[in-house]
Amino acid sequence: MDLTFGEEQDELRKVVRSFLARHSTEADVRRLAADPKGYDRVVWRRMATELGLQGIAIPEAYGGSGFGYAELGIVFEETGRALLCAPYFAIVALAAEALLRCADEAARLAYLPGIASGDTMATLALTEADGRWDEQGIRLNASKTAGSWRLTGAKTYVPDGHLSDLLLVAARTPSGVSLFAVESDAPGVTRTALPTLDQTRKQAQIDFSDTPARLLGTEGAAWPAIERTLATASVLLAAEQVGGAAAALDASVAYAKIREQYGRAIGSFQGIKHKCADMLVEIESARSAAYGGLWALDAGDEAEIAIAAALAQAFCSEAFTKVAGENIQVHGGIGFTWEHPAHLYLKRAKSSEVLLGTPSYHRELLATRLGI
Amino acid sequence: MELDFGPAVRDFRDELRNWLAEHLVGEFAAHRGVGGPTDGAAWDVRLAWDRELSAGNWLGISWPREYGGRGLGLLEEIVFEYEYARANAPYRATGNALDLLGPMLLAMGSEEQKKRFLPPILAVEELWGQGFSEPGAGSDLASVRTRAERDDGGTSRSSGAESGGDWVVNGQKVWTSFGIHADWLYVLVRTDPDSQRHKGLSMLLVPADQPGVDIRPIRNLAGQDEFAEIFLSDARTGADMVVGEVGQGWRTAMGTLGIERGTTLLPQQLTFEREADALIELARERGALHDPMLRRRIVDAWISVRIMRTTNMRTVAELVAGRTPGAQSTTAKLYASMRHQQLGHLAMELAGPAGQIIGEDYELDTRQRSFLLSLAETIYGGSSEIQRNIIGEHLLGLPKDPRP
Ligand SMILES: Cc1cc2nc3c(=O)[nH]c(=O)nc-3n(C[C@H](O)[C@H](O)[C@H](O)COP(=O)(O)OP(=O)(O)OC[C@H]3O[C@@H](n4cnc5c(N)ncnc54)[C@H](O)[C@@H]3O)c2cc1C
């Protein structure tokens, strides 16, 4: 197992960072945050064609480039740093992962190449009105009539559900939780964008009314695959959170060097310097939590993945929120304005904190998985 | 997560595991888990254990053979620390010389110094104390006032035959860990009387067994005579006992502190993990696992030790890959010391009133000792506040604190 990054991985990070520095500037983020679609089609296309980011960890057999989770984690760290507005998380961390895990080769061959090429927009529709991420939270009903599956009910808080062509829907059948694929233009599908506090990541409600759906894998046996998908997504989200936190600290440090009070740069006061130092301690610790998860994923050790993923989400969620909040504090009044980007990070932190279940939920998952 | 660096190291690891299984028995086994960088408990047993290790050729694994080392690499050194900690062997009593002075001499010492001092360190024949701090110079180490002056006619017994004179040392050092056991001291002294701050300092090796050196134990809050104050009155040492250049002592000291803040964390973290496991066991016994508040804190404690482990592994992996360790190698000390204290508080809370009862003569159990001694971890090797300054100024590039 490799616990550090190598030169090629450093190079990947550099390339992604410089791409995003050009295409996900603060102005871009603000423009796309205000845009109902919430992403830039041209940039999305270039991410796929020039950098291959959508398919980076998708195996070559399905049209991807077959890199590991370490590489994917690097990309997420960078998209988090740049606050990229795009359905990248929904598609790569949730939908592609769900397809990879769902024990349905035909579905993988059908859908993954489109995801890898950037053509297919997809997401995982899991949560319902109570926002639960556990198995019991899945109540949407799937029934079989005349040999074909149909869904009726609603999913909500679906990441980037407003623009997804392909919906991977967790639903309940008499034998348990199953995963279905639904094309968004199927009969009876209504997608409604939800106005979000964090405008950099969109959510939607999706209603199904007697909608035909394609069963993926075995009926009633989908939960382990979904759980594993969520574990992977937790680690990737953690990496994204680390990147966001690092950007927030960078902003604080840059400001602390130039902003003067009492005739001195505020960064020379320990009240501020120590705050920044604590932010870095938090970030480096979060990095360990996230990287530990990435390495576990690449090593493929299932027990370790379950633990590392819950740990990463519990820790990195809070770390990002803490750092994003301190960033506003370091900036004083200016940090509390709409014009300053500090709130964009705070809001992303807050929405990420609950995106896959709250830190408390993940702590409990961890406790259970550790046998505590 | 396991460290695995391939077959060659695996043989080394297996050899070590076997050796530990054979030798960590009897009285030594009874002192498993005892000790820490500043724990004076069970000194004699631990010293005997160090000698056992020495006899087994397990000290100075990466040191050159000509100085009594084993001539292996950093990898083996790291594997040793992990296996050692995994076996829960007693903390090495002579860690100070092995982990701090030794590397300092290897990096900056003269050939004569290496030949003279390294073998007895590895043989556990000479024990060392670190004399950096003074009553007026703790965090602000650059303000040390202990002075050393040349006496060109002197012939200190520490000098080589024709060393050409002595250093005469006057001043006071304090908080010297295991100072009462020291045969030798490495002290930071001012060799240029007119100098200011970190200019004009030198690192001197001074024999402790001489009339000019008076070492008095100071009782720490755990009731141990672990550290000491040292009065130097016309103490003498040879002219050739300066490590590095005269006037360059600050560099030497900072190098040593860098090592102290870095490597000593590696074995420590496995001890912390063991404490976290014990804490979970204790909570289970007490039926406390279902208390949601405690449960949360227990999980947080577990998260902390796991993060310490991954952080250390990142650093180790970077070192092994020949990369410069990242920021985490500097933030690790602050994180570990703070989180270890939280772990200790939680363990004491879980133990409840039973944790408040001790043995005769203020004899503490492992948990009590570990908790009390954890209060030093945010002070020694640079306090948490100083760590934050270092992180702020050196890693983040923030403006310096006002300094005289
Ligand atoms: C158990 C133990 C073992 C030790 N072993 C050794 C040893 O073997 N050899 C040796 O030489 N030394 C040793 N030390 C000494 C140790 O290095 C010092 O105690 C430490 O550097 C702090 O110095 P001080 O005690 O003088 O406290 P002070 O420097 O007086 O600090 C007091 C308080 O003020 C804070 N403070 C000081 N300066 C600043 C600043 N600039 N900004 C913000 N806050 C500040 C500190 O963080 C601390 O909270 C040991 C200490 C302990 C506790």
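Student: What makes the meeting of Glu284(A) and Arg314(B) a salt bridge?

Tutor: The cut-off is a side-chain nitrogen of Lys or Arg within 4 Å of a carboxyl oxygen of Asp or Glu. Here the N to O distance is 2.8 Å, so the pair passes. Keep in mind that this is a predicted model, where local features need pLDDT of at least 70 and side-chain atom pairs count only at pLDDT 80 or more, while totals for chains, interfaces and linings use all residues. Side-chain values use heavy atoms, with hydrogens and water left out, residues are numbered from 1 along each chain as its sequence is written, and chains are lettered from A and ligands numbered from 1 in the order written.

Student: How much area do chain B and chain A bury between them?

Tutor: About 3600 Å², 64% of it on carbon and sulfur atoms. Buried area is what two parts lose in accessible area (1.4 Å probe) on being put together, summed over both. In chain B, Arg314(B), Arg323(B) and Leu396(B) lose the most to chain A, together 17% of what that side buries.

Student: Why is Val320(B) called partly exposed?

Tutor: Buried means under 20% relative accessible area and exposed over 50%, with partly exposed in between (1.4 Å probe, protein chains only). Val320(B) has 33%, so it lands in between. This residue is found in helix α9 (residues 292–320) of chain B.

Technical notes: Helix = DSSP H or I, 4+ residues; strand = E, 2+ residues; numbered from the N terminus.
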